[in-house]
Amino acid sequence: MIKRFINLLGSVQVIVPLLIVITVVSLAGVIVPQSLPTAQYLQIMPGWRSSIILQLGLDHIFSTWWFYTLLGILAVNVVACSLTHQVKSLKNAGAMRFLQKPDDANRLKCSVSFEVDGAQINAVETITGFMKRRMFFCSNQTKENVTQIAARSPRLKEIGSLMFHLSILFFYVGGIVSTMGGFSYVKELCSGDVVGVQNWPYRIRCDGFKVERNQDGAVSSYKSNLTVLSADSTQLLKKVVEVNHPLAFAGVNFYQNSYGEQSGSFEVASLQVFGPQFDTSGYMTAASLNTPVTLPGNGITLTVSRFISDFIIDMQSGEATSRSDRPNNPAVKVTLTRGADTLYSGWAFENYPDVHQESKKDYKVVFVGYEPRYYTGIKISHNPGNPFIWFGFAFMTLGIFLVFYFPHRNYWIFIGQGNNRKVIVTVGGASSRSASAFQAEFNHSCDSLKRVLKEGSSS
């Protein structure tokens, strides 16, 4: 009963439907966005669709208990298949098989017969040594004064097939270890930001971010200067991170993943101030967010207290807010003060310089432009299962190499004593590769065997 159950687990009837189910489920995990907040699923997939996704765990497919169960059944199937089919195939391949008579060898597609001088016993010893030097396993039997040598190559093909099957288990274990003990997420950092990494005794600091452009203005690359800090803020490692060139330290990798403009902030804004003490062209100045700038004459201070990238007034609250993270309608809140007096306070718009600028006021501020403050998206990844996955990859590669480059090769050599001290040799060969591909090797082996036998008889 147990043997039948193991045979069923390792059968094609189980593995084919199982692989189809795992493929469909994995495809669903690619199509359905994973690990989003519940409210976001309710928003983008209202009604019954979001209910099904949340109840079945389709929002985190690859960490659900039933997905692990499917992988567990696959692992059991691989083990059962290895025990029932691969090990049995390897055992059967190791058994030595003899032919009944020389005519059986002659009926093979690769066969040859020839005569050499010498004694039968000497020919048997010479041929056996010749085949063993070529890494063949040999076994002899004698019937009716005819000795048959059965020679087979090492069964590396079966070993490779077994290795290929077992490599799937290493991938499975590596995936489980990485899922349970690893992490992968994206952190948005601006220059000067210092963040910790979960379950990691070190911190990472962004010392700068740079976007490089071509002559036509298109982005050619973007790079982040990252520094690894110890608990006491000692610098342990510095590296410029760019696409395909991550920073790796203590088992954690930091990849350049993305970049974008930071909403609600900028590096520096260009402002043109008009007032009584300035000429008609106004006074051009640059300002950073929440950093007062003193203008020439009468001690006037300019302060930019707020920045909105896509300005809109909320109809319910009446408050200024951003419609999106895109710079569709950039605006800054500017205040001009002299001592305790407020000379000007209002919003200045880059796209609409005359909006909210009252002509009766003494001062006017025009928002000329700004240099965006970029954030860098750093993917922080720790995969403790990688050694298992790399070992499985090496195991699978070696298995495929053995399967394709070390086919079965069998030789059956009959040696009988003829007349006039002649030895009659009949050689038949077969291989798991095509007959045409094996024919060249067979001919070369037989030519070498003839030469060795002639040299042995002459000595």
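The structure is a predicted model, in which local features need pLDDT of at least 70 and side-chain atom pairs count only at pLDDT 80 or more, while totals for chains, interfaces and linings use all residues. Residues are numbered from 1 along each chain as its sequence is written, and side-chain values use heavy atoms, with hydrogens and water left out.

**Nonpolar cores**

A nonpolar core is a set of buried Ala, Val, Leu, Ile, Met, Phe, Trp, Tyr and Cys residues joined through side-chain atoms within 4.5 Å. Buried means under 20% relative accessible area, exposed means over 50%, and partly exposed lies in between (1.4 Å probe, protein chains only). The largest such core has 23 residues, and those with the most contacts inside it are Ile127, Tyr411, Ile413 and Val427. Two or more residues each come from strand 1 (110-117), helix 7 (120-133), strand 3 (146-152), strand 19 (409-417), strand 20 (422-431) and helix 10 (435-458). Helix 10 supplies the largest share of this core, six residues. Helices (H or I, at least four residues) and strands (E, at least two) are DSSP runs, numbered from the N terminus.

Beyond its neighbours within four places in sequence, Ile413 is in contact (heavy atoms within 4.5 Å) with Ile127, Met131, Thr147, Gln148, Ile149, Val425, Thr426 and Val427. A second, separate core has 21 residues, including Leu295, Val334, Tyr363 and Val365.

**Nonpolar surface patch**

Phe164, Leu398, Ile400, Phe401, Phe404, Tyr405 and Phe406 make a nonpolar surface patch of about 700 Å². Patches are made of residues with over 30% relative accessible area and no salt bridge; like charges are joined within 9 Å, and nonpolar side chains (Val, Leu, Ile, Met, Phe, Trp, Tyr) within 5 Å. Accessible areas come from the Shrake-Rupley method with a 1.4 Å probe; for residues, only the protein chains shown count as cover. Helix 9 (residues 386-405) gives the most to the patch, with five residues. Phe401 is found in helix 9 and is partly exposed, with a relative accessible area of 41%.

Four strands form an open sheet in the order 12-13-16-17, with antiparallel pairing. Its edge strands, strand 12 (293-294) and strand 17 (341-349), each pair on one side only. Two strands pair if DSSP finds at least two bridges between them; strand 12 and strand 13 (residues 301-308) pair over two bridges. Thr294 stands opposite Thr301 in strand 13.

**Salt bridges**

Nine salt bridges are found in a search of the whole structure, each being a side-chain nitrogen of Lys or Arg within 4 Å of a carboxyl oxygen of Asp or Glu. Three of them are tabulated below.

| Salt bridge | N to O distance |
|---|---|
| Lys422 and Asp117 | 2.7 Å |
| Glu267 and Arg373 | 3.9 Å |
| Arg409 and Glu441 | 2.9 Å |

Lys422 lies in strand 20 and Asp117 in strand 1, so this pair ties together parts that are 305 residues apart in sequence. Lys422 is partly exposed at 29% relative accessibility, and Asp117 is partly exposed at 43%.

Glu267 lies in strand 10 (residues 252-274) and Arg373 in strand 18 (residues 364-382), so the pair ties together parts that are 106 residues apart in sequence. Glu267 counts as partly exposed at 36% relative accessibility, as does Arg373 at 22%.

Arg409 in strand 19 and Glu441 in helix 10 link distant parts of the chain, 32 residues apart.
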